[in-house]
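Trainee: I would like to learn how to read a model like this one. Could we go through it feature by feature?

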Amino acid sequence: MTAAVTKNTAATAKGGSLAKRKRRKDYIFVAILLAYPVLQFVITWAFVNIGSIKMAFERTDLYGNTEFVWFDQFVRVVKDLFQTTQNDTGVPWLNNNLVIVLNSLGYAVITVFISLPLSLLFSYFLDKKMPLANVFRVIFFLPNIIPIVALVMSYNMPLKYMVSGMYDKWPTSQLWIYLYCIWAGLGYNVVLMSGAIGRIPKEIYESAQLDGAGYMTEFTKITIPLIWPTIVTLVIVGLTNVLTLYLQPYLLTNGNGTGLTYSIAMEIFANTSEFNPSKYSQMAAKGLLFSVIWAPIVMLVRHFMSKKYSDIDF
């Protein structure tokens, strides 16, 4: 009896030791797996941005001398949104700084409510093996493989002959930029959504057709729920354009701000690309302030959209 108890105790101890070793190996594997992205985040974001975060709480003069001013720069950014001295819009309450914010928010609107639905519709019908479907996929994707400078020229040159002063007056100046972003951005979304739709088992559609489901029912009841994670990802990417998009308006307008086509990122780029140390702290505060405001909004959108449909594996 004693020998049996001893044997069972030894087996239990051995099993516990094996489980500990397995957990240790799992921890090592996860640590190695996460080491690269964590290191990349530290080097490319934290290390780079720690200086700009510090600068947001300082004031810098033309000679580069700095002083700590706490939240003065943030207060100045907020006041600039409602000041009335710099106003080229013709609308009394709409100054240049507020227009920049509206321009930036517009990129989220057109991406989520125009470009994304169009891409979803095109991807769905391309998946239905319409004639020349692969040719249309290539046509949609062409803007993404052509250099952006050439793409901007191909967009601007013919329109300038038909529309004079495209970027001279707001809001029409911004509408032309939005139109370009829709045109150039469809292909990227179509490729991603086509891949997601292509993974849906055809048996699901066949079963729905046997039950009498039409295209609209398939689209709303089958396709959208099954590719919902891809849609959520593209919505989040579209929302980040509010704070990151600057190259398109910069190239389309040659950096000319008189047409009020700046975005938040473009304004920061324009004010920091020239040697003007007095602007650096204000732009750092503006970037940090809008990041602190917009990041929770993006996370909330992701949270509520993810709860719309449960994840489905197939």
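**Contacts, burial, bend and confidence**

Mentor: Leaving out residues up to four places away in sequence, S123 touches N189, V190, M193, S194 and I197. This is a predicted model, and S123 sits in helix α3, residues 96-127.

Trainee: Is S123 buried or exposed?

Mentor: Buried means under 20% relative accessible area. S123 has 0% relative accessibility, so S123 counts as buried.

Trainee: Which backbone oxygen lies 2.7 Å from a polar atom of the S123 side chain?

Mentor: That of S119.

Trainee: Where is N156 found, and what does its side chain make a polar contact with?

Mentor: N156 is in helix α5, residues 148-162. Its side chain makes a polar contact with the side chain of Y167, at 2.6 Å. Setting aside neighbours within four places in sequence, N156 is in contact with M166, Y167 and L252. With a relative accessible area of 6%, N156 is buried.

Trainee: How do I read the length of helix α6?

Mentor: Compare its reach with the span expected at 1.5 Å a residue. Helix α6, residues 172-198, has 27 residues and reaches 38 Å from first C-alpha to last, close to the expected 39 Å.

Trainee: Where does α6 bend?

Mentor: At G185, by about 35°.

Trainee: In which helix is confidence lowest, and in which is it highest?

Mentor: Where pLDDT is low, the predicted coordinates should not be read in detail. In the protein chain, confidence is lowest in helix α4, residues 133-145, at a mean of 72. Confidence is highest in helix α9, residues 228-244, at 91. The protein chain averages a pLDDT of 81, and 87% of the residues score at least 70.

Note on methods:
Residues numbered from 1 in each chain as written. Predicted model: local features only at pLDDT ≥ 70, side-chain atom pairs only at ≥ 80, totals over all residues. Heavy atoms only, no water. Helix = DSSP H or I, 4+ residues; strand = E, 2+ residues; numbered from the N terminus. Buried < 20%, exposed > 50% of the residue type's maximum accessible area, 1.4 Å probe, protein only. Polar contact = N/O pair within 3.5 Å; in protein donor to acceptor, adjacent residues only side chain to side chain. Contact = heavy atoms within 4.5 Å. Expected span 1.5 Å × (residues − 1). Bend = angle between axes of the 7 residues up to and from the residue. pLDDT = per-residue confidence, 0-100.
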